[in-house]
Amino acid sequence: MKEPVTLTTDVLVIGAGGAGMYAAVSAARSGAKVLLIDKNVVGRGGATIMAQMTCASALGEAEPDSPELHLADTLEAGRGLCNESLSALLCEGSPIRIRELEGWGVNWARAEGGGFSQVKAPGHNRKRCVYVDYLATGAAICATLRNKVSRDDAIRRLSNATITDIVAHEDVAVGAVGYDIPTATPLIIKAGATVIASGGMTKMFQRTTASNNLCGEGIGLALRAGARLVDIEFLQFYPNGHLAPRMVGLDPTTWEPTRVKLGGRLLNGRGEEFLQNYTDTQGGEAYDTARDVLTYAIYKEVEEGRGSPHGGVYLSFQHVPADAIERALGPVLEIFARNNIDLTKAPVEIFPIAHYQMGGIEVDAAMATAVSGLYAAGEVVGGANGANRLSGNALPEALVFGERAGTSAARHAKRDAVRDWDTAIALPYVDTIRSIVGRNNGNSAAPGHLLRELKALMWSKVGAFRTAGDLAAARERINAMRLNDIETLTVADAATHNASLVEWCELRNGLLAAEALALAALNRRESRGAHQRVDLPQADDNLRKSQHIVLSGGTLVSDFAETWL
Amino acid sequence: MTSKMACLRVFRGSDRAGGCYQDYQVAFEDGDSVLDGLTRIRADEDPSLAVRFSCFNANVCKECSMLIDGKVEYACVAKLTEGITQVDPLPKVPLLRDLVTDTLAKKERL
């Protein structure tokens, strides 16, 4: 590798999806110089750009609504585990951010009367969700924010660079170490404050809606720096995930908006409707079914032998007239056709798929972690959604928390910044990266091979339905991967764009996230929201409290004690 | 479903004149993408192969643009087929290595 390059900034933002770009904009607006880094391309990687349609915002234009009503729905979906101050922040902040984004160029869909067009998404009691277009809301938000950050002279963007460690000095986060991927140049970054906005960890599951960079690295970074996790065991499975036939060139989350838009019918392998057998306790119509309930219903149908040929259920549009399908879907039909999908002739098969991490880094309402100088925003943060997230609450979480984290980080950088530190402090982290290049070259399994095993393990043993035996076995294997297997992996010695080094670094921090999830799921001895224990099927009122995880002497430690907040 | 075999003939190297082609045999099922094949090669056979992508088969990030049998295509959309498919880096942009080209805006580079 080349000699390290040292960069100095007021605020470092790690990850440039919706949360990271908003954090960069708001930090710059607060007077800070910002370094915005993304492992892929600023504004093009991460989860936000993949968001299909709905963004919940109590604008009250389709019908009377208020942030208080949005909060009530969010708390109910969270099954008693929401951090209410974070949930309230999300609900109150969303209308402000939606209007601000409109001012910057996001063309939210408008109703005939000129107000925002708002639709009702599952679990919401109001027509609350704004959107840009069917399947294109996240892309529109990202394009606008990418434009915004690129026009701000206070923001330096760096694409294709990855962060491997937060540098802590005397218990304060003072910057980070990573490297520039194309040129293999180590980076030592001195930052007055740091924001982790690197997204969730759903890539660690075999079937996932995640982009390639959502492998839990932010969780690993935070744990190593001394921050705490909250309720990491809650991971949302998206009920209408695409299963079969094989479909490429389109996000596997396509079917939820399509189902709502066209009135698709969910049918089991025998061609029978089944949702009505599962929704009696939740009430409401089939399209209102909360995601955790819908996931449960589909699993049960398959488990009881009423699944479709690939082990899911059918989603059928055959009752919808062909011209209505064409009007509603337009150019998307061409993508379906390339994948031999004709909705007028045959149903598709769907099955729940790993989608969103509800738990994450513990923050206060200023987005500050337990480590001074370290902030977090977006999916990597835990608490706002409790045990189950409402459809449409992910985008406001990214936008609102991103804005808040950027403002807080800028304030910290102005007031308490420690930037004048000896570069030697960072050299051990640089040496870690250097020592990996060319290690075991060609003599052992590749990082991608271990990742494949991990994804299969997470899917089969830490998935939507869990048992103590599976979770204990998974935790033990992941711990061995983290401490032993990773040391034996082949890493290429290539000097430019060393993809195996990137993957090795993803595993180093991502395996910490995966083990934390397995440990937390094992320790939560109840079923609640997205955490369903087959061996403990009831919620336990004594466990209506949050679980925290820290990394202590290299070991992950969990407890249910009261929070530091 | 039984697997079929594709042969991906992949450009390797850091300069266009001095590079060479390497053949990889990849098992696939109908509907799999060229990107599926390239990631399988990286996991099972050759982690030194340089490929760049972010969104994985959703055609959102647009990072996996390359030449597939001489045509500019996204690897996540192009389908694997039986027989030989030649895969090259994008032309007319600086080559970093193998299938990775420097397509970043200048202000986003180190």
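How many of the 9 residues of helix α5 (residues 217–225) of chain A are buried? In this predicted model, 8 of the 9 are buried, and the helix is mostly covered. The buried positions are Glu217(A), Gly218(A), Ile219(A), Gly220(A), Leu221(A), Ala222(A), Leu223(A) and Ala225(A). Directly after α5(A) comes Gly226(A), with a positive phi of about 105°.

Positive phi values were also found in residues other than glycine. Asn160(A), which is not a glycine, has a positive phi of about 60°. Asn160(A) is located in the loop that connects β5 (155–159) with β6 (161–169) of chain A. A residue counts as buried if 20 or more other C-beta atoms lie within 10 Å of its own; Asn160(A) has 28 other C-beta atoms within 10 Å and is therefore buried. For Asn440(A), phi is near 50°, again a positive value in a residue other than glycine. The loop that holds Asn440(A) runs between α11 (427–436) and α12 (447–461) of chain A. With 14 other C-beta atoms within 10 Å, Asn440(A) is partly exposed.

Helix packing in chain A was examined for α3 (residues 84–104) and α10 (residues 394–416). From α3(A), the contact is made by Leu89(A), Leu90(A), Gly93(A), Ser94(A) and Arg97(A). From α10(A), the contributing residues are Pro396(A), Glu397(A), Leu399(A), Val400(A), Glu403(A) and Arg404(A). Sorted by class, the residues of this contact are 5 nonpolar, 2 polar and 4 charged. In general, an α-helix has 3.6 residues a turn, so residues three or four places apart point the same way.

The domain assignment divides out two parts of chain A, domain 1 (240–351) and domain 2 (425–559). The centres of domain 1 and domain 2 of chain A, taken over C-alpha atoms, are separated by 32 Å. Contact between them involves 4 residues of domain 1 of chain A and 5 residues of domain 2 of chain A. On the domain 1 side of this contact, the classes are 2 nonpolar, 1 polar and 1 charged.

Chain A also contains an open sheet of 4 strands, with antiparallel pairing and the order β11-β14-β13-β12. Its edge strands, β11 (242–244) and β12 (265–267) of chain A, each pair on one side only. From one strand to the next, the twist averages 45°. Strand β11(A) is joined to β14 (residues 348–350) of chain A by 2 bridges, and the two strands run antiparallel. Ala244(A) stands opposite Glu349(A), a residue of β14(A). The peptide bond that leads from Ala244(A) to Pro245(A) is cis, with omega near -5°. Pro245(A) belongs to the loop between β11 and α6 (255–262) of chain A.

In chain B, an open sheet of 5 strands shows mixed pairing and the order β2-β1-β5-β3-β4. At the edges stand β2 (20–28) and β4 (71–74) of chain B; each has a single partner strand, so one side of each is left without a neighbour in the sheet. Neighbouring strands are turned against each other by 35° on average, direction ignored. Strand β1 (residues 4–12) of chain B pairs with β2(B) in the antiparallel sense over 9 bridges. Within β2(B), Val26(B) stands opposite Ala6(B). Helix α1 (residues 34–44) of chain B packs on this sheet and touches β1, β2, β3 (65–68) and β5 (83–88) of chain B. The direction of α1(B) makes about 105° with that of β2(B).

The contact between the two chains takes 40 residues from chain A and 36 residues from chain B. On the side of chain B that touches chain A, the elements giving two or more residues are α1 and β6 (95–97) of chain B. Of these, α1(B) gives the most, with 4 residues. By class, this side of chain B has 16 nonpolar, 8 polar and 12 charged residues.

Notes: Residues are numbered from 1 along each chain as its sequence is written. Chains are lettered from A and ligands numbered from 1 in the order in which they are written. This is a predicted model: local features need pLDDT of at least 70, side-chain atom pairs count only at pLDDT 80 or more; totals for chains, interfaces and linings use all residues. Two residues are in contact if their C-beta atoms, placed from the backbone, lie within 7 Å. Ala, Val, Leu, Ile, Met, Phe, Trp, Tyr, Cys and Pro count as nonpolar, Asp, Glu, Lys and Arg as charged, and the others, Gly among them, as polar. Two strands pair if DSSP finds at least two bridges between them. Axes are lines fitted to C-alpha atoms, for helices over the stretch in contact, and angles run from 0 to 180 degrees between N-to-C directions. Domain bounds come from an automatic or database domain assignment. A residue is buried if 20 or more other C-beta atoms lie within 10 Å of its own, exposed if 12 or fewer, and partly exposed in between; C-beta atoms are placed from the backbone.
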